[in-house]
Amino acid sequence: MLNGSTKILGVIGNPIHHSKSPQMHNAAFNHLNLNYIYIPFLVEKTQIETCMASLKSNNISGINVTVPFKESVIPFLDKIDPLAKKIGAVNTIVNKNGVLTGYNTDGYGLISDLSINKISLSNKSIAILGAGGSSKSICFSLLEQNITSLLILNRTVEKAERLKFNLIDSMNNDITNIPIETGSLSSVIDEKTLEKYDIIINTTSVGLNDNSTIFPTDNWSNQNQIVYDIIYSPPETNFLKQARLKGAKTLNGLGMLVGQGALAFKKFTSHDAPFDIMYNEVKKC
Ligand code: ATR
């Protein structure tokens, strides 16, 4: 029940109507009987400075940040977590007594989802498709795992190369030992191109809310691979379907969505997030 002690959380973005975060977090608060409410806020680009200043209010515990504000909120933070700083994007802001600290939980979301599905990243070679914002968060987080190599393929190869150099630039010496290669998405001709990779992750927007597909043919994966699509709508993209029919183990991005939300929840409330409750809630909507 809302009362004078209710703490406010929310998500800012534009558009924001599609966000599943309010349902996911409010279900968790109800389950744990916590006196919080989570609200979607539609923010205009010109309002971002005013919006950030208003977050310092005592009863606002924090916000999640989605497109297009993940980078533009950074100048208004008091502190930034080292990983979010490297990534250059923030999706979670915690307000502690008027001090705003920014985090990025996106890459963790994917890594925790793999772990929940008993998929280890240790000694695995990873191919990542895409070099946009999501790819960046995931790549930086992957390099903190014990992976053996990373291939970044993108439609625009220069963006993949830029990401590679950013990754190498900002990593410690020991981590730069992980070989990073780049290439064009169109260079994927058949199974041989990607056969040495244990895990293939799509971070491009191809297939989001439609049935377009990255690869015209279905002979790019095999039964020894894990194929992940960060898209969860539709639940099975053509990309995932092609891989499933080739015998690969496939996962969509619903678990990543909940994983990033669960870590944000912990940062906001200091309570462990009820992952299953949150997962079941987003699956429904
Ligand atoms: P996000 O924050 O969701 O990662 P983004 O930063 O706009 O969004 O990145 C979108 C990614 O999808 C990019 O890798 C983009 O490729 P380009 O860098 O070449 O633009 C990729 N992408 C979008 N549409 C695509 C398409 N039709 N074919 C291949 N890749 C596409």
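Modeller: The conversation below covers the ligand, some backbone features and the packing of helices.
Modeller: This is a predicted model, in which local features need pLDDT of at least 70 and side-chain atom pairs count only at pLDDT 80 or more, while totals for chains, interfaces and linings use all residues. Residues are numbered from 1 along each chain as its sequence is written, and side-chain values use heavy atoms, with hydrogens and water left out.

Biologist: How many residues surround the ligand?
Modeller: The ligand is surrounded by 13 residues, each with a heavy atom within 4 Å of it. The closest are G133, S134, N154, T156 and K159.

Biologist: How does that shell divide into nonpolar, polar and charged residues?
Modeller: The shell has 8 polar, 3 nonpolar and 2 charged residues. Here Ala, Val, Leu, Ile, Met, Phe, Trp, Tyr, Cys and Pro count as nonpolar, Asp, Glu, Lys and Arg as charged, and the others, Gly among them, as polar.

Biologist: What is 2.7 Å from an oxygen atom of the ligand?
Modeller: That is an N or O atom in the side chain of N154. A polar contact is a pair of N or O atoms within 3.5 Å.

Biologist: How much of the ligand does the protein bury?
Modeller: Taken alone, the ligand exposes 650 Å², and the protein buries 65% of that. The areas come from the Shrake-Rupley method with a 1.4 Å probe.

Biologist: Turning to the backbone, which peptide bonds are cis?
Modeller: The bond from N14 to P15 is cis, with omega near 5°, and so is the bond from S233 to P234, also with omega near 5°. P15 is in the loop between β1 (7-13) and α1, and P234 is in the loop between β11 (226-229) and α8 (238-245). Helices (H or I, at least four residues) and strands (E, at least two) are DSSP runs, numbered from the N terminus.

Biologist: Lastly, how do α1 and α10 pack?
Modeller: Helix α1 (residues 21-32) and helix α10 (residues 275-284) pack at an angle of about 140°, with their axes 8 Å apart. The axes are lines fitted to C-alpha atoms over the stretch in contact, and angles run from 0 to 180 degrees between N-to-C directions. α1 and α10 are therefore oblique to each other, since angles under 35 degrees count as roughly parallel, over 145 as roughly antiparallel, 65 to 115 as roughly perpendicular and the rest as oblique.

Terms used:
A polar contact is a pair of N or O atoms within 3.5 Å; within protein, one must be able to donate a hydrogen and the other to accept it, and residues adjacent in sequence count only if both atoms are side-chain atoms.
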